[in-house]
Amino acid sequence: MNIYAVQTIYRSEMKRFFRTIMQSLISPVISTSLYFIVFGAAIGSRIQEVEGVSYGAFIVPGLIMLSVMTQATANASFGIYFPKFTGTIYELLSAPVNFLEIVLGYVGAAATKALFIGVIILITAFFFVDLQIAHPMAMIAFLLMTCLSFALLGFIIGIWAGNFEQLQLIPLLVITPLVFLGGSFYSISMLPGIWQTIAMFNPVVYLVSGFRWAFFGSADVSIGISLAAIALFTAACLAAIWWIFRTGWRIRQ
Amino acid sequence: MSSIISIQNLRKAYPGGFEALKGVNLEIAQGEILALLGPNGAGKTTLISTVCGITVPTAGTITVGGFDTMTDYRATRDLIGLVPQEINLEPFETVFNSVSFSRGLFGKPRNDAYINRILDQLSLGDKKDSKIMALSGGMKRRVLIAKALSHEPRVLFLDEPTAGVDVELRKDMWDIVAGLKADGVTIILTTHYIEEAEAIADRVGVINGGEILLVQDKSELMAQMGQKQLQIAIKDPVTEIPDTLSAYALARSEDGMHLTYTYDTTGERTGITTLLNDLAAAGLVMTDLQTRQSSLEDIFVGLVKETT
């Protein structure tokens with residue numbers, strides 16, 4: 001294990017994050033505050049309760065998930081795409097590192113950044129709503145798993161992307177819709193019949209549901225299924241990355 | 001000689017069928033400077049990339065320091081530093097951080113003193129906190145060299161280090177290479193500037209169309225293949241060469257003031273003595289004599305022409 005290489009990549013990526021710390025943290029705080037004002041106060045005042053929780057509190061887990069997923073994906077995809085863009089990838093390919101070390105460095109940093117932002121949003125939420133966390137350990141575990149799995153997905157996107165447009169494409173076209181349709185701001189049980197069935201094919205439903213369970217002790221799908229779904233998703237991403245490095249797809253000729 | 005790099009039957013075919021390397025065999029001795037000469041698209045960069053691990057070979061084996069580049073890639077890559085042809089650098093990073101990053105990536109513990117020493121050697125000391133995007137092209141090339149040296153490699157690949165570099169910097173680059181050689185680093189550089197190979201290489205390899213046409217000691221190569229020319233300046237212009245001198249195949253200059261005799265330095269007799277006697281006998285008065293050795297360039301052009 002080339003532990004120095006992992007540290008070097010991780011630190012260098014984190015440095016980029018801290019260089020733009022204000023943008024990195026202020027924007028999620030502002031957008032979260034806006035969500036609370038619009039959904040929590042304006043719309044939420046007309047919704048009594050969802051599954052026994054005030055609407056303002058109900059949207060907190062979904063809101064955190066929304067930011068964490070998009071941030072993890074965006075950070076990881078940019079992290080590995082940028083060396084491809086500048087050409088510095090040659091160094092990564094000629095260094096004594098294996099795929100696991102590269103992934104640990106880039107994905108680890110992207111997941112850490114997403115975690116930071118998730119925690120910031122959670123702290124912000126405490127200012128707006130009365131929030132209790134039923135299962136704190138499970139909440140942390142779900143948060144970590146989501147950061148990690150979506151950072152892995154972002155890493156794949158970054159390797160696949162041939163230009164900056166493609167880098168934005170998947171997050172815009174796939175992740176954002178999946179998150180919005182994944183019950184971030186509502187319970188799946190609020191959907192009309194057929195849509196409930198369709199929603200079950202959306203992996204984000206399981207993440208949001210599991211995360212919400214950690215907060216309120218109740219969820220759309222059982223916690224076991226949620227855990228299995230996120231484990232499956234993480235494993236699929238890892239397998240894809242392993243295949244990418246084995247075949248050199250899009251990185252090594 | 002003991003080889004630090006040994007390349008056997010190396011082939012590389014790209015998807016689409018283009019064969020960039022067609023069975024390359026090459027032994028590189030510890031501590032030497034090998035210049036790989038070849039026109040654009042000859043396979044120089046592919047060869048280097050394959051040794052460094054950026055490109056995966058289609059067939060053949062490469063060992064570096066006795067380790068196989070495919071199965072023991074950590075050991076081989078640890079020994080190698082690569083200076084790429086393109087200026088591939090992260091523009092927003094500082095010089096010091098960029099070089100320090102390379103060291104870490106190659107699995108070496110942080111060593112600021114060592115990095116500072118390299119930067120000083122490459123005259124980058126006062127630029128170490130500058131962002132790379134603020135540097136001139138020549139400075140960026142030095143940063144690439146510093147990055148390649150950051151993990152104390154025993155073998156350094158320089159892929160066209162002086163392409164697009166001004167004369168002064170090229171001389172600096174040559175001095176840097178000479179300094180590294182003195183430290184015992186094996187250096188392989190590609191170039192299409194013949195004078196570069198002539199100036200700094202111990203051995204010269206000529207590559208074209210994915211094949212190594214020749215690898216030889218530079219001086220040996222030039223002696224063996226080099227022909228010499230004797231230029232004779234004469235007092236009174238001649239309109240045609242006298243019949244008595246026809247055996248020498250002399251070339252007459254346009255104004256008739258110079259005759260040129262081409263001879264082989266390795267031949268048993270050069271024929272110079274008899275030529276001079278015969279010239280005198282033919283009544284030609286000589287005012288000056290000059291000899292010229294053919295350069296590596298002539299040899300190179302001759303070789304590449306033969307194969308195309």
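Me: How many bridges join strand 4 of chain B to strand 5 of chain B?

Reply: Two strands pair if DSSP finds at least two bridges between them; helices (H or I, at least four residues) and strands (E, at least two) are DSSP runs, numbered from the N terminus. In this case strand 4 (residues 59–64) and strand 5 of chain B are joined by two bridges and run antiparallel. Val64(B) has Phe67(B) of strand 5 of chain B opposite it. This is a predicted model, in which local features need pLDDT of at least 70, side-chain atom pairs count only at pLDDT 80 or more, and totals for chains, interfaces and linings use all residues. Residues are numbered from 1 along each chain as its sequence is written, chains are lettered from A and ligands numbered from 1 in the order in which they are written, and side-chain values use heavy atoms, with hydrogens and water left out.

Me: In what order do the four strands of this open sheet of chain B stand?

Reply: The order of the open sheet is 2-1-4-5 in chain B, with antiparallel pairing. Strand 2 (19–29) and strand 5 (67–68) of chain B are at the edges; each has a single partner strand, so one side of each lacks a neighbour in the sheet.

Me: How many residues of strand 9 of chain B are buried?

Reply: Burial is read from relative accessible area: buried is under 20%, exposed is over 50%, and partly exposed lies in between (1.4 Å probe, protein chains only). In strand 9 (residues 203–208) of chain B, six of the six residues are buried, so the strand is largely enclosed by the rest of the structure. Arg203(B), Gly205(B) and Ile207(B) point one way from this strand, while Val204(B), Val206(B) and Asn208(B) point the other way.

Me: Which strands of chain B pair with strand 9 of chain B?

Reply: Strand 3 (residues 33–37) of chain B runs parallel to strand 9 of chain B and is joined to it by four bridges; Ala35(B) has Val204(B) as its bridge partner. Strand 10 (residues 211–217) of chain B pairs with strand 9 of chain B in the antiparallel sense, over six bridges, and there Leu214(B) stands opposite Val206(B). Strands 9 and 10 of chain B form a hairpin with two residues between them, and Gly209(B) in the turn has a positive phi of about 60°.

Me: Where do the buried residues of helix 3 of chain B pack?

Reply: Contact means heavy atoms within 4.5 Å. Ten of the eleven residues of helix 3 of chain B are buried, so the helix is largely enclosed by the rest of the structure; among them are Val95(B), Phe96(B) and Leu105(B). They pack against helix 1 (3–19) and helix 4 (89–94) of chain A, together with helix 4 (112–121) and helix 5 of chain B. Ser102(B) belongs to helix 3 of chain B and, at 0% relative accessibility, counts as buried. Leaving aside residues up to four places away in sequence, Ser102(B) touches Glu91(A), Lys147(B) and Ser150(B). After helix 3 of chain B comes Gly107(B), whose phi is positive, near 80°.

Me: What area is buried between chain B and chain A?

Reply: Buried area is the accessible area (1.4 Å probe) that two parts lose on being put together, summed over both. For chain B and chain A it is about 2500 Å², of which carbon and sulfur atoms give 57%. In chain B, Arg74(B), Phe101(B) and Leu105(B) lose the most area to chain A, together 26% of what that side buries. The contact takes 30 residues from chain B and 25 residues from chain A.

Me: How many salt bridges does the rule find across the interface of chain B and chain A?

Reply: A salt bridge is a side-chain nitrogen of Lys or Arg within 4 Å of a carboxyl oxygen of Asp or Glu. The rule finds three across this interface. Arg16(A) forms one with Glu90(B), their closest N and O atoms being 3.5 Å apart. On the side of chain B that touches chain A, two or more residues each come from helix 2 (73–79), helix 3 (95–105) and helix 5 (137–149) of chain B. Helix 3 of chain B gives the largest share of that side, five residues.
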